[in-house]
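Open the model in your viewer and colour it by chain.

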Amino acid sequence: MATLAGKKAPYEGPECPKCDALLGDDSRVTGTVTCPHCRATFEATAFNPPQRRMQIVEVAQSGPEGANACANHERNTAVTSCQRCGLYICSLCDMNVGSGSFCPSCFDRVRTEGTLGAATTRFRDYGSMARVSAVAGFLFMFMFLGLPFGALTIYYANKGIKQAKNEGRSTLGTRIAMGFGIFEAIAGGAAIAFVILGVMGKLK
Amino acid sequence: MTPARTRIGSSARAFGRETVYELPDGIEIEATENYEVIRRRVLFEDVLLITYHREMGFWFVILSGLVGAFFLFIGVLIVSAQRTGNAWPYLTPWLVMAFPFLLAAALRAILGVEVISIFGRRSKAQIRFTFRKQRAREVYGRILARVRQAQKALENEIAASAVAEMPAVPEVPMPPAF
């Protein structure tokens with residue numbers, strides 16, 4: 001969708017890959033397509049994906065015996081229970097992203113807490129933070145800031161390595177940052193100790 | 001823990017970086033903005049349109065060209081101020097600084113960038129290839145094949161569940177023959 005005052009509009013469907021204008025149904029075809037807005041041409045392949053149908057069984061259909069009603073939709077038969085709060089839920093309420101079934105409110109909560117890996121869409125990149133902190137520490141070591149920046153780098157690198165392992169990414173860059181952090185902390189600590197000893201007159 | 005994924009491309013933007021991965025059931029995009037990673041997915045089952053085009057990247061060419069021209073201009077300015085002697089020792093450092101920017105601008109203007117855009121029902125993904133044009137075609141073909149495969153499997157699944165749901169035809173006795 002075209003931008004308005006620099007703010008990107010939410011995604012509404014297939015767009016022109018060059019001007020971002022929303023494409024109408026007549027432009028969503030297979031072959032060479034010309035954008036009606038910017039007249040740019042591009043190669044396209046259109047699909048008509050089938051809609052997945054939700055199977056909802058009503059309590060009346062399941063019969064009185066053994067049919068538990070959904071906690072949110074009393075007419076629907078529960079298909080499972082929330083693994084966090086134990087509520088009976090129907091297939092409409094079943095929020096399952098491959099790590100078990102959750103009811104909508106528990107799903108929102110675990111997603112906000114960040115404990116549900118597959119549902120996490122926004123997170124801090126500790127590896128990048130460790131690398132930036134390592135560079136900053138190296139640049140400001142002459143100002144006796146090696147120790148705090150080194151400690152910060154070690155902290156971020158530790159979290160970054162755990163995060164990268166969890167995500168299945170390479171930990172090499174973060175490990176190098178960790179090495180720099182250790183060096184900065186030791187060198188920074190030694191520099192401060194050297195100055196203190198010098199001030200106290202214990203250095204000859 | 002995220003499912004097994006393969007990195008298929010990445011592109012740098014003015015204020016961040018986007019890395020695109022292939023998952024067993026879709027495409028995953030990780031956009032890095034400052035120190036925050038924003039992750040979104042386009043499922044193969046949901047894909048409505050896939051496009052392939054080549055673009056130049058107008059602003060990249062203009063900005064790189066301007067930076068290169070700026071360094072060149074300073075070099076020329078210094079050389080013109082130098083009235084006697086050999087000009088090359090003064091010009092060379094500025095030429096060295098200008099060269100990568102001018103080369104980047106020229107390469108981008110000549111080669112362009114291959115862009116694959118995948119539009120789903122709720123999200124979209126873009127993969128950019130600057131140098132590996134052959135790989136761009138391969139990735140485009142592979143994504144098309146995987147989308148077709150996923151949507152065919154979903155169609156079959158829906159058809160199978162529809163057959164299972166259909167009530168059995170009651171047996172009606174035939175009328176007696178006369």
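Start with chain A and colour its three assigned stretches: domain 1 (1-49), domain 2 (59-119) and domain 3 (126-199). These bounds come from an automatic or database domain assignment. Select domain 2 of chain A and domain 3 of chain A: their C-alpha centres lie 45 Å apart.

A note on what you are viewing. This is a predicted model, in which local features need pLDDT of at least 70 and side-chain atom pairs count only at pLDDT 80 or more, while totals for chains, interfaces and linings use all residues. Residues are numbered from 1 along each chain as its sequence is written, and chains are lettered from A and ligands numbered from 1 in the order in which they are written.

Now switch to chain B. Select 6-54 + 113-152 for domain 1 and 58-111 for domain 2. Taken over C-alpha atoms, the centres of domain 1 of chain B and domain 2 of chain B are separated by 36 Å.

Next, show both chains. In contact (C-beta atoms, placed from the backbone, within 7 Å) are 30 residues of chain A and 31 residues of chain B. On the chain A side, pick β2 (41-46), β7 (122-124), α3 (126-139) and α4 (146-167); each supplies at least two residues. β2(A) gives the largest share, five residues. Helices (H or I, at least four residues) and strands (E, at least two) are DSSP runs, numbered from the N terminus.

Finish by zooming in on Thr45(A), whose bridge partner in β5(B) is Ile50(B).

Methods. Two residues are in contact if their C-beta atoms, placed from the backbone, lie within 7 Å. Two strands pair if DSSP finds at least two bridges between them.
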